[in-house]
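User: I've got this model open and I'd like to know where the labels come from. Can we go through them together?

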Amino acid sequence: MWRASKLKINNVYTDEYGFKPKGRIEVPTPEQHVEHIEIKGRNGSLTKKYGYKNIELPVHFTILSDNFKKTFRQSKMHLLNAKTLIFDDDNEVFYKVKSVRIETAENYVLQFGEFTVNFTLDPFQYEVNNPVQTITSQTTIINEGYEALPIITAHVAGTGNIYVNEQNVTIQNINGTITIDSEMQNAYRVSGGYVTNLNSHMIGNFPVLQHGDNVIEFDGGISKLEIVCNRRWV
């Protein structure tokens, strides 16, 4: 039986704030930025593929309450503070919200009204379940989705190397832990509520988990790795 979509904003259903989607929400696949370059003497064009573009998602909402204008006013604060979206019919993944634009509401009677919100979303769907995987020896991680930007915490006594397929990261002069965050492009340690910048102790590019098999190894003074894969999909 057909029913309207339900939507979570920052992990709370919009129903709890007094507004809800009017119908089914169809989320488009992000468009990849592709450049075709024509070269004289070459058959066909030279094709260069870049990253994916943002997703533009309009959602039509309705409000039915004792006072539409009051509920709409309160709803706008929840919408403007949106960081994530989750759809109830695909609740294994979430979308990251980059910006929100709220259009003028239509309010024909005191208790009822409608309005449209234009969300600009990050191109990817991120898995909600993102467990920490502890590695103490060579391990193969299978990434079924698009290339992922992991968070890797290494336990180190001195100097060692982390290998992700053909990628190599060297950790120098660390006694304790160092976290390599490929999404944030930052190396740091969190201890006692304080963040210490450790970028100067890392040599190499931030690792990427490719689609398919990823062989993870380490050596030297590294005793184990804790990896959050941050799997994502297009």
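Predicted model: local features only at pLDDT ≥ 70, side-chain atom pairs only at ≥ 80, totals over all residues.

User: Where is Asn118, and what makes its link to Glu103 a polar contact?

Analyst: Asn118 sits in strand E9 (residues 112–127); strands (E, at least two residues) and helices (H or I, at least four) are DSSP runs numbered from the N terminus. The side chains of Asn118 and Glu103 are joined at 2.9 Å. A polar contact is a pair of N or O atoms within 3.5 Å; within protein, one must be able to donate a hydrogen and the other to accept it, and residues adjacent in sequence count only if both atoms are side-chain atoms. Beyond its neighbours within four places in sequence, Asn118 also has Leu57, Pro58, Ser99, Val100 and Arg101 among its contacts (contact means heavy atoms within 4.5 Å).

User: How do you know that the buried residues of H1 line one face?

Analyst: Those residues are Phe68, Thr71, Phe72, Ser75 and Leu79. Looking down the axis of H1, they fall within an arc of 100°, so they line one face of the helix; the arc is that of the directions from the helix axis to the C-beta atoms. On the other side, Lys69 and Arg73 are exposed. The buried residues pack against strands E1 (7–9), E3 (19–21), E6 (55–64), E8 (93–102) and E9.

User: What makes Asn67 a cap for H1?

Analyst: A side-chain oxygen of Asn67 lies 3.2 Å from the backbone nitrogen of Lys69, at the N-terminal end of H1.

User: Why is the Phe124 and Tyr126 pair called edge-to-face?

Analyst: Ring centres of Phe, Tyr and Trp (its six-membered ring) must lie within 6.5 Å to pair; planes under 30 degrees apart count as stacked, over 60 as edge-to-face and the rest as tilted. Phe124 and Tyr126 have centres 6.4 Å apart and planes at 80°, so edge-to-face it is. Phe124 is buried at 9% relative accessible area, and Tyr126 is buried too, at 7%.

User: And what makes Phe19 and Phe115 tilted?

Analyst: Their centres are 6.1 Å apart and the angle between the planes is 55°.

User: What makes a nonpolar core, and which residues have the most contacts inside the largest one?

Analyst: It's a set of buried Ala, Val, Leu, Ile, Met, Phe, Trp, Tyr and Cys residues joined through side-chain atoms within 4.5 Å. The largest has 24 residues, and Ile162, Ile171, Ile178, Ile216, Leu225 and Ile227 have the most contacts inside it. Strands E12 (151–164), E13 (167–181), E17 (212–218) and E18 (222–228) each supply at least two of its residues. Apart from it lies another core of 22 residues, including Leu7, Ile63, Val97 and Phe119.

User: Why does Asn173 count as exposed?

Analyst: Asn173 has 58% relative accessibility, so it counts as exposed. Asn173 lies in strand E13, and its phi is near 55°, a positive value in a residue other than glycine.

Note on methods:
Residues numbered from 1 in each chain as written. Heavy atoms only, no water. Buried < 20%, exposed > 50% of the residue type's maximum accessible area, 1.4 Å probe, protein only.
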